[in-house]
Amino acid sequence: MDASPISILESDLYLQKGVEVYMKRDDLIGGHAQGNKMRKLKYLIRDAVTQKADTLITFGGAFSNHLYATAWAAQQNNLKSVGYVRGEIDPKNPTMRACAGWGMKLHPLSRTEYRQKDSPEFLEEVRNKYPQVYIIPEGGLSELAMRGMAECAAEIEQHGKYDVWVVPCATGATLGGLLQGAQGKQEFIAMSLLKGGDFDGLPPTVGHHRGRTKIVAAHLGGFGKFPAELIAYIKGFHHQHSIFLDPVYTGKMMLRLDELIRHDFFAPGSRLLVLHTGGYQGILGYNYRFGEVLSVG
Ligand SMILES: Cc1ncc(COP(=O)(O)O)c(C=O)c1O
């Protein structure tokens with residue numbers, strides 16, 4: 001996988017506040033496993049192949065970037081795939097359609113069943129059904145996913161020195177991997193997209209470094225909430241920078257980052273590095289649910 005580029009974002013706000021904001025464009029790499037997805041899947045898929053698995057199984061919501069990326073990456077690697085979906089499956093939803101198109105077998109789980117998905121009983125049932133299975137946790141959260149993300153940290157440090165790295169956070173695998181890979185003294189801002197996301201239950205690798213990570217609530221009311229100011233922000237951002245942001249992760253992250261900058265959260269002269277983790281397919285999901293409002297590639 002080629003290193004993704006880093007470019008500076010030009011904005012009157014950043015100029016006025018004396019901060020420089022750079023964006024690591026992981027949205028430009030990974031194909032349909034764009035952004036943090038291929039980085040997280042890279043070593044998991046390698047491990048699956050080493051273990052001679054023939055089927056990847058994973059979990060997610062009906063609009064999940066992770067299910068979408070896993071379905072595509074499985075097909076690319078000549079593996080079968082199975083996705084357990086939280087709630088009902090609407091076969092017309094663009095995420096489900098794409099997953100099915102790449103050959104993923106989709107099974108709905110009720111919310112109660114979904115909560116049991118990591119239980120030994122459920123996993124045994126899955127293994128009985130698919131004997132050569134490789135199970136990837138929801139969102140890919142695992143040491144192997146973090147190993148892939150650590151490579152992103154090395155790329156950033158090769159490029160230059162940044163005082164603060166800004167990262168969108170749900171399961172925390174992306175942040176955890178960057179923390180493992182980063183050698184410098186930079187601080188981290190975890191833009192938390194889950195309501196109440198305080199990173200409890202994350203792998204200890206994330207917890208160890210909590211000291212240099214500030215957690216900022218960026219959910220704007222909840223994971224599935226898309227206030228009008230967010231949609232307006234995403235459109236304005238595209239107009240200004242010709243870069244797409246998705247409404248679930250990167251749009252919320254950038255909107256909150258601008259708010260922090262506006263409120264003088266960063267000292268003048270600070271160099272910030274923000275990671276664009278992709279998620280464009282979420283734009284299609286948004287448009288499917290709310291009308292053709294946002295543009296994408
Ligand atoms: C586009 C995008 N950005 C950020 C994240 C958050 O990553 P993590 O779950 O590793 O914290 C996700 C979810 O995996 C995502 O799909």
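The shell around the ligand takes at least three residues from each of two domains, domain 1 (6-32 + 143-290) and domain 2 (36-140), with the bounds coming from an automatic or database domain assignment. Keep in mind that this is a predicted model: local features need pLDDT of at least 70, side-chain atom pairs count only at pLDDT 80 or more, and totals for chains, interfaces and linings use all residues. Residues are numbered from 1 along each chain as its sequence is written, and side-chain values use heavy atoms, with hydrogens and water left out.

**Around the ligand**

There are 15 residues around the ligand, and K37, A170, T171, T174 and T277 come nearest; a residue is near if one of its heavy atoms lies within 4 Å of the molecule. Sorted by class, the shell has 5 nonpolar, 8 polar and 2 charged residues. Here Ala, Val, Leu, Ile, Met, Phe, Trp, Tyr, Cys and Pro count as nonpolar, Asp, Glu, Lys and Arg as charged, and the others, Gly among them, as polar.

| Residue | Protein atom | Distance to a ligand oxygen |
|---|---|---|
| N36 | side-chain N or O | 3.4 Å |
| A170 | backbone N or O | 2.7 Å |
| G172 | backbone N or O | 2.8 Å |

On its own the ligand has 380 Å² of accessible area, and the protein covers 98% of that (Shrake-Rupley method, 1.4 Å probe; for residues, only the protein chains shown count as cover). Elements giving two or more residues to the shell are α2 (36-50), β7 (164-169) and α8 (173-181), and α2 gives the most, with 3 residues. Helices (H or I, at least four residues) and strands (E, at least two) are DSSP runs, numbered from the N terminus.

**Inside the fold**

Helix α8 is largely enclosed by the rest of the structure, because 8 of its 9 residues are buried. Buried means under 20% relative accessible area, exposed over 50%, partly exposed in between (1.4 Å probe, protein chains only). Among the buried ones in α8 are A173, T174, L175 and G176.

What about the cysteines? The structure holds 0 disulfides, a disulfide being a pair of cysteine sulfur atoms within 2.5 Å. C152 is in none, and the nearest cysteine sulfur, that of C169, is 13 Å away. C152 counts as buried at 0% relative accessibility, and C99 is buried at 0% too.

Over in helix α11 (residues 250-262) sits R256. At 18% relative accessibility, R256 counts as buried, and a polar atom of the R256 side chain lies 2.8 Å from the backbone oxygen of A217; within protein, such a contact needs one atom able to donate a hydrogen and the other to accept it, and residues adjacent in sequence count only if both atoms are side-chain atoms.

Notes
Polar contact = N/O pair within 3.5 Å; in protein donor to acceptor, adjacent residues only side chain to side chain.
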